[in-house]
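Please look at the structure below before reading the report.

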Amino acid sequence: MKGSPIRERGARAERFNPRLRNGWQGERVHSVEGNMPTIVVANPKGGSGKSTTSLVLGPTLARKGAKVTLIDADANHPLTTWHNGETRELEVIGGLTDSNFVSVLDQAAAQRDAVIVDLEGAATRIVSRAIMRADLVLIPMQASAVDAAQAGRAVGLIRQEEEILRRSI
């Protein structure tokens, strides 16, 4: 499958994080662009598992020694509610607006080993900006035709952002 999108993404992922196969070694990992990795969890369907994915991935990386920021960009604020000001091994940022989202995301990416953005199930300006800043987009879904169709819409949005940016996400 030389030249296939799957092989190219795998090669890009290894450049993004050469330790993917070996596990986190507690070192700062740079994306292809030189910043810390930004992982966006997106699906236009509510209830697809975006927040759960973020709440599993973030603390798992933090327990492995990574400095992680979770950005709660969901209007229901599930990550902020989970964090509730308690001392945890990671930082949670919520309450962002269209005007401050990118600057807060970029600042977190410059200071942390990983930034995970939990998006709401809608096509908003913040969703578009998050995908544009992403090194990796995860699209969780349940085993249903509706979820699969909505995941397809998410892939379409990612492709549109790639075209605008002239780079792969």
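The report starts with the basis of the model and then turns to the sheet.

This is a predicted model, in which local features need pLDDT of at least 70 and side-chain atom pairs count only at pLDDT 80 or more, while totals for chains, interfaces and linings use all residues. Residues are numbered from 1 along each chain as its sequence is written, and side-chain values use heavy atoms, leaving out hydrogens and water.

An open sheet is formed by five strands with parallel pairing, in the order β3-β2-β4-β1-β5. Strands are DSSP runs of E with at least two residues, helices are runs of H or I with at least four, and both are numbered from the N terminus. Two strands pair if DSSP finds at least two bridges between them. The edges are β3 (91–93) and β5 (136–138); each has a single partner strand, so one side of each is left without a neighbour in the sheet. On average, neighbouring strands are turned by 20° against each other, direction ignored.

Strand β1 (residues 38–41) runs parallel to β5 and is joined to β5 by three bridges. V40 has V137 of β5 as its bridge partner.

Contact means heavy atoms within 4.5 Å. Axes are lines fitted to C-alpha atoms, for helices over the stretch in contact, and angles run from 0 to 180 degrees between N-to-C directions.

| Helix | Lies across | Angle to β4 |
|---|---|---|
| α4 (residues 101–111) | β1, β2 (68–73), β3 and β4 (114–119) | about 150° |
| α5 (residues 125–133) | β1, β2, β4 and β5 | about 150° |

H77 is a residue other than glycine with a positive phi, near 55°. H77 lies in the loop between β2 and α3 (78–83). Its relative accessibility is 35%, so H77 counts as partly exposed. Buried means under 20% relative accessible area, exposed over 50%, and partly exposed in between, with a 1.4 Å probe and protein chains only. R166, in the segment after α6 (145–165), has a positive phi near 60° and counts as exposed because its relative accessibility is 78%.
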